[in-house]
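Here are some notes for a colleague opening this structure for the first time. They start from a single residue and then widen to the elements around it.

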Amino acid sequence: MAIAAFGALIAGGAMAADLKEWRQAKAAPVNAADTDLGDFRWEARPVIVMADRADDPDFTAQMKVFRDEAEGVADRDMLIVTDTDPGAQGDLRGQLSPDGFGVYLVGKDGGVKFSSQSPVSMARFAEIIDAMPMRQREMRDGG
């Protein structure tokens, strides 16, 4: 009985709405000052977005890409980490040393896989991530 009810829930529109909300919540950005990337090793692919201020046009454009593509962000286990306060001298800023705007893709193994000084499309992120051996395994195994 419970299995049938679960099946009906999955087939219903309510589940689709819940799934969309879950994926958007999963794709919500976190502040670099509150985040230890070590906590996400082997679990997520952090994408660190840095700028000198929150209203930087490149920062705003990059964040719009992630908002508009929340499902792709969640599907690829991307964790969006932001830092728009150079005065805070956070650990990530010290390690990455951005000059103004910068976006950095970190693999699940903790290594920087890609960086750019201009906004990056979700299609480009998908191309890079989907070519990674771990992602290939995830897609093959349905994860």
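Which residues does T84 touch, not counting residues up to four places away in sequence?

1. This is a predicted model, and the points below should be read with that in mind. In it, T84 touches A51, D52, R53, A54, F59 and R93, when residues up to four places away in sequence are not counted. T84 itself is found in the loop between β3 and α5, the latter spanning residues 91-96.

2. Is T84 buried, exposed or partly exposed? T84 has a relative accessible area of 26%, and because buried is taken to mean under 20% and exposed over 50%, this residue counts as partly exposed. The C-alpha atom of T84 is separated by 9.0 Å from that of F101, a residue 17 places away along the chain.

3. For orientation, the chain has seven helices and five strands, and from the N terminus on its elements run α-α-β-β-α-α-β-α-β-β-α-α. Of the 143 residues in the chain, 38% are buried. Among contacts with a separation of 6 or more, 69% are accounted for by residues 24 or more positions apart.

4. The five strands form an open sheet in the order β1-β3-β2-β4-β5, with mixed pairing. The edge strands, each of which pairs on one side only, are β1 (residues 30-31) and β5 (residues 112-116).

5. On one side, β2 pairs with β3 in the parallel sense over six bridges, and here V47 has I80 of β3 as its bridge partner. With β4, in contrast, β2 pairs in the antiparallel sense over four bridges, and I48 stands opposite Y104 of β4.

6. How many of the six residues of β2 are buried? Six of the six are buried, so β2 is largely enclosed by the rest of the structure. In a regular strand the side chains alternate between the two faces of the sheet. In β2 both faces are covered, with R45, V47 and V49 buried on one side and P46, I48 and M50 buried on the other. Helix α6 lies across β2, β3, β4 and β5, and runs at about 30 degrees to β4.

7. Helix α3, residues 57-68, has twelve residues and reaches 16 Å from its first C-alpha to its last, which is close to the 16 Å expected at 1.5 Å a residue. At the start of this helix, a side-chain oxygen of D56 comes to within 2.7 Å of the backbone nitrogen of D58.

8. Which residues of α3 are buried? They are F59, Q62, M63, V65 and F66, and they cover an arc of only 150 degrees around the axis, which puts them on the same side of α3. An α-helix has 3.6 residues a turn, so residues three or four places apart point the same way. On the other side of α3, P57 and R67 are exposed.

9. What covers the buried residues of α3 includes strands β2 (45-50), β3 (78-83) and β4 (102-106), together with helices α4 (70-75) and α6 (122-130). F59 links this point to the opening one, as F59 is one of the buried residues of α3 and is also among the residues that T84 touches.

Technical notes. Residues are numbered from 1 along each chain as its sequence is written. This is a predicted model: local features need pLDDT of at least 70, side-chain atom pairs count only at pLDDT 80 or more; totals for chains, interfaces and linings use all residues. Side-chain values use heavy atoms; hydrogens and water are left out. Helices (H or I, at least four residues) and strands (E, at least two) are DSSP runs, numbered from the N terminus. The expected span of a helix is 1.5 Å times one less than its number of residues. Buried means under 20% relative accessible area, exposed over 50%, partly exposed in between (1.4 Å probe, protein chains only). The arc is that of the directions from the helix axis to the C-beta atoms. Contact means heavy atoms within 4.5 Å. A polar contact is a pair of N or O atoms within 3.5 Å; within protein, one must be able to donate a hydrogen and the other to accept it, and residues adjacent in sequence count only if both atoms are side-chain atoms. Two strands pair if DSSP finds at least two bridges between them. Axes are lines fitted to C-alpha atoms, for helices over the stretch in contact, and angles run from 0 to 180 degrees between N-to-C directions.
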